[in-house]
Amino acid sequence: MTKRPSSIVEAFVRHAESTPGKTCLRFEGERWTYEMLRGRAENFAAALKTWGLEPGERVALYKENSPDFLAAYLGTHLAGGVVVPVNNQYRRGELRHIFEDAGVRLCLTDGERRPELEGVREELPRLEAVIEAGRELEDFLNAAEPHEPELPEGDDLAVIAYTSGTTGRSKGAMLLHRNLVANIEAICEAWRWTANDHLLLTLPLFHTHGLMVGAHGTFFSGASAELRRKFDAAGVYDSLLEGSFTMFFGVPTMYTRLLREAEAREERPNPLRLYVAGSAALSPQAFERFEELFGERILERYGMTETGMNLTNPYDGERRPGTVGGPFPGQEARVVDIESREPLPVGEVGEIEVRGPHVFEGYWERPDATGEVFKEDGWFRTEDLGSVSEDGYFTISGRTKELIISGGYNVYPREVEELLEGCPGVAEVAVVGLPDEEFGEKVTAAVVRDDEELTAEKVQDFCRDDLAGYKKPREVVFLDELPRNALGKVLKHEVREGLVEKEE
Ligand code: MLC
Ligand code: AMP
């Protein structure tokens, strides 16, 4: 029996050896075989080595979706480096923190994003090289001296993925190669992913869903994917009508937009083998409407940056709307009491904990934060609330962490509040998530102003340089005061309820 691969890149290289001519990626009319992508990845690895990258050093990918993103991802691993994927929408404030915190030495970017990074370059002494896709990247690759690529060990650090922190700045989740392999192996088994699959991949590659599910699954199973620069409902609908895909993965907002697209059209796509939704809750209404219009029951699953995928509805059994199913093969999940931390009986709501080989190693240079989420016996606290049914289906019903999920992107209210507290004219501010048809939740700022001239637009503009666009309040409501308890703490739930009532 062949040995289990120790890393995603090892699985990829094996497929490149056994089926070199097979299509791995399609992108804007280009066809990339496994051999071609391997060549580009090895070239990137050799260029990194020639440049002087040492094992364990960090390479950031701040770049839109493209085959080069994936070649650089695999290439960094072949050079023994650690990848730091960076959200394309991040602005100076977020970039400054992530690049400094992770000690990034080299970054691959593109023309659109480069100015944003250059804006903070002087504050990042450890960032020695910024390489822009295009001529600069080609020069970098051409300068490579021969280098024998080395496959990483399972225990080596593969990725530092930044996830926003409840307080202060975001934290880097450290994922080892073996965590990533364990997770994708479980996913491929649960969803019957094989070399015959062809995935339509429109999710951004800088987050777990696109990278560690979409791309990893493709590489691990020796399958193929059509990669898109970004999601566009009309384009995806047209592609589904063409009928060459077997799978599509999306966040609920993508499904809401696909439903709208279907309602506006007569023609319906043929069934796919599998539609998967996750990263935020899919409403039972959307689930049912999708079945009516597309003739398929979406498989909803639950995951997070620190763990990859944790819970999934079954491939063969009942896909139950409003639930996220049970643990993937080889994993465990349970619901515990928030206070006593003891497991709860069926049906009772508590915090979900997960355990298994997929769970990350801890937060980069943050032993304090790591200690808070791990127990000695290996259970990881997800800070999500939920319950489990008699027959093992988990339902996510809330969160202990103060978090807004907008269109599958996480927004920590504290980060927005901290920025807005410095906005001239803002006396006090509370940021909450209100229900939103399009994005699930919408970032909303309740502001007490000490300057009548302050407008919602000014508040929004104030965020422009420092925060990703999706974190900017979509709505700003001016209040005379914020509700507080006897200790003076702002009562967020009251702010939220008051605003929901106002909207109704
Ligand atoms: C974009 N915008 C958003 C937004 N996305 N606003 C609120 N919420 C969002 N999610 C804003 C932009 O800031 C911009 O506003 C305007 O919309 C247009 O930008 P765009 O880039 O053209 O947007 P669009 O293409 O329509 O993006 C919508 C989307 C995208 C749904 C395609 O948000 C998306 O790709 N979401 C997926 C996120 C994801 O992959 N999550 C997985 C995380 S992993 P302005 O005003 O700035 O111009 C994870 C674990 C797990 O959670 O379980 O999977
Ligand atoms: P992130 O930190 O970006 O990886 O986001 C992970 C969070 O997304 C989880 O902790 C959940 O709160 C949420 N999430 C992911 N999948 C689902 C789902 N299917 N239903 C509800 N929430 C989800």
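This is a predicted model: local features need pLDDT of at least 70, side-chain atom pairs count only at pLDDT 80 or more; totals for chains, interfaces and linings use all residues.
As for the domains themselves, domain 1 covers 8-177 and domain 2 covers 404-503, and their C-alpha centres lie 35 Å apart. In terms of contacts, 15 residues of domain 1 touch 14 residues of domain 2, and the area buried between the two domains is about 1100 Å², with carbon and sulfur atoms giving 41% of it. Of the area that domain 1 buries against domain 2, Gln 89, Arg 91 and Ser 164 supply 42%, which is more than any other three residues.

Turning now to salt bridges over the whole structure, a search finds 55 of them, and I will pick out a few. The side chains of Glu 441 and Arg 399 meet at 2.8 Å, N to O; Glu 441 sits in strand β24, residues 440-449, and Arg 399 in strand β20, residues 394-399, so this pair ties together parts that are 42 residues apart in sequence. Glu 441 is buried, at 17% relative accessible area, whereas Arg 399 is partly exposed, at 28%.

Within helix α6, residues 135-142, Arg 135 and Asp 139 lie four residues apart, about one turn of the helix, and their side chains meet in a salt bridge at 3.9 Å, N to O. Here Arg 135 counts as exposed, at 68% relative accessibility, while Asp 139 counts as partly exposed, at 43%. There is also a network of salt bridges that links Glu 28, Glu 64, Asp 110, Glu 112, Arg 113 and Arg 229.

Finally, a word on Glu 226, which is placed in strand β10, residues 224-227, and is buried, with a relative accessible area of 16%. Its side chain makes a polar contact with the side chain of Arg 228, at 2.6 Å, and, leaving aside neighbours within four places in sequence, Glu 226 is in contact with Arg 26, His 198, Leu 199, Leu 200, Leu 201 and Phe 245.

Terms used: Residues are numbered from 1 along each chain as its sequence is written. Chains are lettered from A and ligands numbered from 1 in the order in which they are written. Side-chain values use heavy atoms; hydrogens and water are left out. Domain bounds come from an automatic or database domain assignment. Contact means heavy atoms within 4.5 Å. Buried area is the accessible area (1.4 Å probe) that two parts lose on being put together, summed over both. Helices (H or I, at least four residues) and strands (E, at least two) are DSSP runs, numbered from the N terminus. Buried means under 20% relative accessible area, exposed over 50%, partly exposed in between (1.4 Å probe, protein chains only). A polar contact is a pair of N or O atoms within 3.5 Å; within protein, one must be able to donate a hydrogen and the other to accept it, and residues adjacent in sequence count only if both atoms are side-chain atoms. A salt bridge is a side-chain nitrogen of Lys or Arg within 4 Å of a carboxyl oxygen of Asp or Glu.
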